[in-house]
Amino acid sequence: MSRMRRFNRYVDRLLRQRRPRPFVPTDEEAGALAAAIRLRAARPEDAAPSAEFVAALQDRLARVERGEETATDEPAPRPFHHRRRGLLVGTAAAAASAGLTAAADRLFGGRGRSAGTGARRGGTLEPNDGTWQTVMAAGDLAEGGVAAFDTGTVAGFVMRTAGRVSARSGVCTHQGCRLNIQRVRLACPCHRTFFDLDGTVITSQLPTPPPPLPAIEVRERGGSIEVRVPHATP
Amino acid sequence: MSDSVRDERYPSWDDVYRDNVERIYRVLFARVGNRPDAEDLTGEVFVAALPRLRTTASVREVRAYLLAVARTVLAEHWRRTLGRQLTAIDPDTLAEALTVADDAADAARVTAVQQILDELPERYGTILRLRFLQAATVKEAAKQMGVTVANAKVLQYRALRHAARLLEVEAR
């Protein structure tokens, strides 16, 4: 029933023109919400921006242009997501320095995420006393690819972004459930939580989202991808 | 880029803004259905585009660029709020938003919604009309329909699911 409540709350807020709250809908709920948006958006009285908004945004843009405000200054903070990740929504400085090539890449189908830009990243799991273990051939991991590995002591995902290989733990930081790859994110089957490939939480049904996924030490050597794993405890 | 607006340019950033803010807002509002999100996302689009726009770009290029940014911003919005892309700005819309007058688009949307509501089974149509067109609360809608509040909520959910199926068929 709480599922129905979350759905109804979303519709309620939509109808009252309040910001709906994030949750992770099922397929059917998602379809129904899209229909609700369509119905709500058809009321012409709200379809145009208010004069106040148009004026306020113009002022804000003028301040951004003069460097008095950065693009990250937000009128309304949102719960637990990393609002400013990604190139086009990066800080003014980052946006200015990033080239148009990268922008175009992101705009037109580039799926690669810039790993390592998240503000709240997991640390690196670094065993005090470990060994490098091969998890796959380097050639088996194409650019933009993600693959699961399991050494028996460590389970995770390796990925290749901009030529570089990185690895993340494949165990949910909430209760230790094993994560699955879902398109370009990692899904926890236990409590409907989704992690980005850089380990940050995208959405979670939990009232307090779990910490980000830690990185795992990884290297390419002799045509193989190796991760550093602790010695198995007897 | 071989058409007549190729050489048309905006005199200044302010002109870019004035000519496009409503256009972008409308495109986004139609896809998130609420003012606060539509305003935030519109702001994001312009703040992101601001450092990148050259005044040497043509009107057409600027509009296409803003819509492309809006497309990314919308996708990112859904990714971080619901974890899936509920609505999108597709390339067809891109072309349409560059040409169709706003009033005509509004009218078309209203007609489409009326048609969907008319096609629904009677009680589904009734609850959605009460809620979405007449702004009734669930409680008020329940009272008018002579059902409990819990029933009205279930009815609303089923009606929206049914409407979603009709919209899917229509989109094909």
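Me: pLDDT is the predictor's confidence in each residue, on a scale from 0 to 100. The model here is predicted; what is the mean pLDDT of chain A?

Reply: The mean pLDDT of chain A is 73, and 72% of the residues of chain A reach 70 or more. Over residues 73–121 of chain A, however, the pLDDT is below 50. Beyond near neighbours in sequence, this stretch has 76 contacts in the model.

Me: What is the make-up of chain A in helices and strands, and what share of its residues is buried?

Reply: Chain A contains six helices and 12 strands. Of the 234 residues in chain A, 33% are buried. Among contacts in chain A between residues at least 6 apart in sequence, 50% join residues at least 24 apart.

Me: Why is Val165(A) called partly exposed?

Reply: A residue is buried with 20 or more other C-beta atoms within 10 Å of its own and exposed with 12 or fewer. Val165(A) has 17 such neighbours inside 10 Å, and therefore counts as partly exposed. Val165(A) is found in strand 5 of chain A. Leaving out residues up to four places away in sequence, Val165(A) touches Leu141(A), Val158(A), Arg160(A), Val218(A), Glu220(A) and Ile225(A). The C-alpha atoms of Val165(A) and Ala142(A), 23 residues apart along the chain, are separated by 9.9 Å.

Me: How do Gln17(A) and Ala135(B) stand against those cut-offs?

Reply: Gln17(A) has 15 C-beta neighbours inside 10 Å and so counts as partly exposed. Ala135(B) has 11 C-beta neighbours inside 10 Å and so counts as exposed. Gln17(A) is not a glycine, yet has a positive phi of about 60°; Ala135(B) is not a glycine either, yet has a positive phi of about 55°. Gln17(A) lies in the loop between helix 1 and helix 2 of chain A, whereas Ala135(B) lies in the loop between helix 6 (122–133) and helix 7 (138–145) of chain B.

Me: Why is helix 3 of chain B described as largely enclosed by the rest of the structure?

Reply: Helix 3 of chain B is so described because 17 of its 23 residues are buried.

Me: Which residues of the largest nonpolar core touch the most other members?

Reply: In this core of 64 residues, they are Ala36(A), Leu28(B), Val45(B), Leu66(B), Val69(B) and Ala70(B). Helix 1 (residues 13–32) of chain B provides the largest share of the core, 10 residues. A second, separate core has 22 residues, among them Cys172(A), Leu197(A), Val201(A) and Leu213(A). Apart from neighbours within four places in sequence, Leu28(B) is in contact with Ala38(B), Leu41(B), Thr42(B), Ala70(B) and Leu74(B).

Me: What makes up the side of chain A that touches chain B, by class?

Reply: In total, 58 residues of chain A are in contact with 54 residues of chain B. Elements that each supply at least two residues of the chain A side include helix 1 (2–15), helix 2 (27–41), helix 4 (51–65) and strand 9 (201–204). Helix 2 of chain A gives the most, with 13 residues. By class, the chain A side has 41 nonpolar, seven polar and 10 charged residues.

Definitions and conventions
Residues numbered from 1 in each chain as written. Chains lettered and ligands numbered in written order. Predicted model: local features only at pLDDT ≥ 70, side-chain atom pairs only at ≥ 80, totals over all residues. Core = buried A, V, L, I, M, F, W, Y, C linked by C-beta atoms within 7 Å. Helix = DSSP H or I, 4+ residues; strand = E, 2+ residues; numbered from the N terminus. Contact = placed C-beta atoms within 7 Å. Nonpolar A, V, L, I, M, F, W, Y, C, P; charged D, E, K, R; others polar.
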